[in-house]
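Visitor: Could you walk me through how the side chains pack in this model?
Guide: Gladly, let's take a look together.

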Amino acid sequence: MKKPSYIMVHHSAVSHDKNPDQFVANNEYHRAKWNFKSSMGFFLGYNYEISKIGLVRQARADGEPTAACYQSLAYRGVLPRWTGNMNDGRCIHICLDGYFDIEKPEPAQVYALRDLLRKLAKKWGIPKGNVYFHRNYAPKTCPGKNLDLNWVRNLIV
Ligand SMILES: [Zn+2]
């Protein structure tokens, strides 16, 4: 276990209109993909997942290795190289159910994200500047074009 010092936000890239609660499906998808069991008995690659109605489920302990960001080198030189391995426990990964290239998080989901970010930031002493999006590390839109990094960072007081 590491002491976490980063938080990364993801989306599931599956519409939460089609499936509002994707934890079970994603856990199964990641079991088939990686078969990487957490200390809590789950296979989900993220630490937390938040459903459309704002239900928060934890699949991996804070500080436990994850399977969430395999783009290990800082993307386009935006981030320093030492932030590279975001799967070794230094980063807590939060996945929001939804496809935020085409839809927006529900208010209940935003409140749940806000409360979780505040709780984790306080517990582990993580500054809001250490909250990142997956797309800061990878040539993808995750967690979706409709989400703005500063808006998410400012959910933390
Ligand atoms: Zn992602």
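Visitor: Is phenylalanine 42 partly exposed or buried, and which class does its relative accessibility give?
Guide: This is a predicted model, where local features need pLDDT of at least 70, side-chain atom pairs count only at pLDDT 80 or more, and totals for chains, interfaces and linings use all residues. Residues are numbered from 1 along each chain as its sequence is written, and side-chain values use heavy atoms, leaving out hydrogens and water. Buried means under 20% relative accessible area, exposed over 50%, and partly exposed in between, with a 1.4 Å probe and protein chains only. Phenylalanine 42 has 26% relative accessibility, so the class is partly exposed.

Visitor: What kind of aromatic pair do phenylalanine 23 and phenylalanine 42 form?
Guide: Rings of Phe, Tyr and Trp (its six-membered ring) pair if their centres lie within 6.5 Å; planes under 30 degrees apart count as stacked, over 60 as edge-to-face and the rest as tilted. For phenylalanine 23 and phenylalanine 42, the centres are 5.3 Å apart with 80° between the planes, making the pair edge-to-face.

Visitor: Where does each of these two phenylalanines sit?
Guide: Helices (H or I, at least four residues) and strands (E, at least two) are DSSP runs, numbered from the N terminus. The two are 19 residues apart: phenylalanine 23 is in helix H1 (residues 23–34), and phenylalanine 42 is in the loop between H1 and E2.

Visitor: Why is the pair of tyrosine 6 and tyrosine 132 called tilted?
Guide: Both tyrosine 6 and tyrosine 132 are buried. Their ring centres are 6.3 Å apart and the planes meet at 35°, so the pair is tilted.

Visitor: Which residue lies over the face of tyrosine 132?
Guide: A charge sits over a ring if NZ of Lys or CZ of Arg is within 6 Å of the ring centre and within 35 degrees of the ring normal. At 5.1 Å from the ring centre of tyrosine 132, that residue is arginine 153.
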